[in-house]
Amino acid sequence: MLEDLILFIDGEAIVLDKPAGLPVDAPRAGGDSIERRIDELRCGFKRPPVAMHRLDQDTSGCLLFARHASARVVFQQAFEAGTVEKTYLAVLAGEVAEEGVIDLPLGKVSSAEAGWKMRPDPAGKSAITHWRRLAMRDGRSLVEFRPKTGRTHQIRAHAREGLGAGIVGDFVYGVPGGPMLLHAVRLVVPRGKKPPVDVIAPLPGAFAEWRDDAALDEA
């Protein structure tokens, strides 16, 4: 049950620890999704909550829902103002420098053979990601990403195009094979005079060998 994956809940918000492999929106071809199971997150409310952002199907971690219309307005304003803090952890298939900022506009390209993906495009939408390396092991790097914009596939494309090292398990931008090692580890959402929603999602099992390097703080 999705209710068992709730990390935070109050009268305004729910933060779900979304498992990898479960899409947020119902796929056109059918199959399981959070959208189709949204009633599992009513938690006593008459109306189901509304997802305030998206995580890719194979990305795990913090996913915010608004429980009613007024909360939805507050959260939407925070996202639009750029005051929501999102932190991701990823394992890259390569060694990278210590830290930096990727400022690389992205645009969507598509083909009949390969489908669509995001690529660097000077005429595309602004995409900015702060990053720092946490550890390196066996030619791989554990990297913390803090996106300042919320473009589709931003971290995945920036890892590949900005750092030259795709995410392990990412069959589009990185190195296929096994689960995609991209996890939305922390989410901080301001709420005016109220305490912010500040949640950490525990690392999934696929990150086991990097657990000590992640050194997560308590929210």
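Q: What does buried mean here?
A: Buried means a relative accessible area under 20%, exposed means over 50%, and partly exposed is in between, with a 1.4 Å probe and protein chains only. This is a predicted model, in which local features need pLDDT of at least 70 and side-chain atom pairs count only at pLDDT 80 or more, while totals for chains, interfaces and linings use all residues. Residues are numbered from 1 along each chain as its sequence is written, and side-chain values use heavy atoms, with hydrogens and water left out.

Q: OK. How many residues of strand β4 are buried?
A: In β4 (residues 60–66), 7 of its 7 residues are buried. Strands here are DSSP runs of E with at least two residues, helices are runs of H or I with at least four, and both are numbered from the N terminus.

Q: Which way does β2 run against β4?
A: Antiparallel: 6 bridges join β2 (residues 13–18) to β4. Two strands pair if DSSP finds at least two bridges between them. I14 has F65 in β4 as its bridge partner.

Q: And β3, parallel or antiparallel to β4?
A: β3 (residues 50–51) pairs with β4 in the antiparallel sense, over 2 bridges. V50 is opposite A66 there.

Q: How about β11 and β4, parallel or antiparallel?
A: Parallel, over 2 bridges, with β11 spanning residues 182–191. S60 stands opposite H183 in β11.

Q: Switching to the core. Which residues have the most contacts inside the largest one?
A: The largest nonpolar core has 28 residues, and I34, F65, L92, F145 and I167 have the most contacts inside it. Elements supplying at least two residues each include β2, β4, β5 (85–92), β10, α2 and β11. A second, separate core has 15 residues, among them C62, F75, L187 and A201. A nonpolar core is a set of buried Ala, Val, Leu, Ile, Met, Phe, Trp, Tyr and Cys residues joined through side-chain atoms within 4.5 Å.

Q: What does I167 touch?
A: Not counting residues up to four places away in sequence, I167 touches A90, V91, L92, I155, R156, A159, G174, V175, M180, L181 and L182. Contact means heavy atoms within 4.5 Å.

Q: Now β9 and β10. How many residues are between them in the hairpin?
A: There are 2 residues between them, and D138 in the turn has a positive phi of about 50 degrees. The two strands run antiparallel, joined by 8 bridges, and R133 has V143 in β10 as its bridge partner. β9 (residues 128–137) also pairs with β6 (residues 99–103), in the antiparallel sense over 5 bridges. In that pairing G100 is partnered with W131.

Q: E144, buried or exposed?
A: E144 is buried, because its relative accessible area is 9%. E144 lies in β10 (residues 140–147). A polar contact of 3.1 Å joins its side chain to that of R146. A polar contact is a pair of N or O atoms within 3.5 Å; within protein, one must be able to donate a hydrogen and the other to accept it, and residues adjacent in sequence count only if both atoms are side-chain atoms.

Q: What does E144 touch?
A: Leaving out residues up to four places away in sequence, E144 touches T87, Y88, L89, H130, W131, R132 and L134.

Q: Last one: where does the charged end of R137 sit?
A: Over the ring of W210, 4.6 Å from its centre. K108 lies over the face of W116, 4.4 Å from the ring centre. A charge sits over a ring if NZ of Lys or CZ of Arg is within 6 Å of the ring centre and within 35 degrees of the ring normal.
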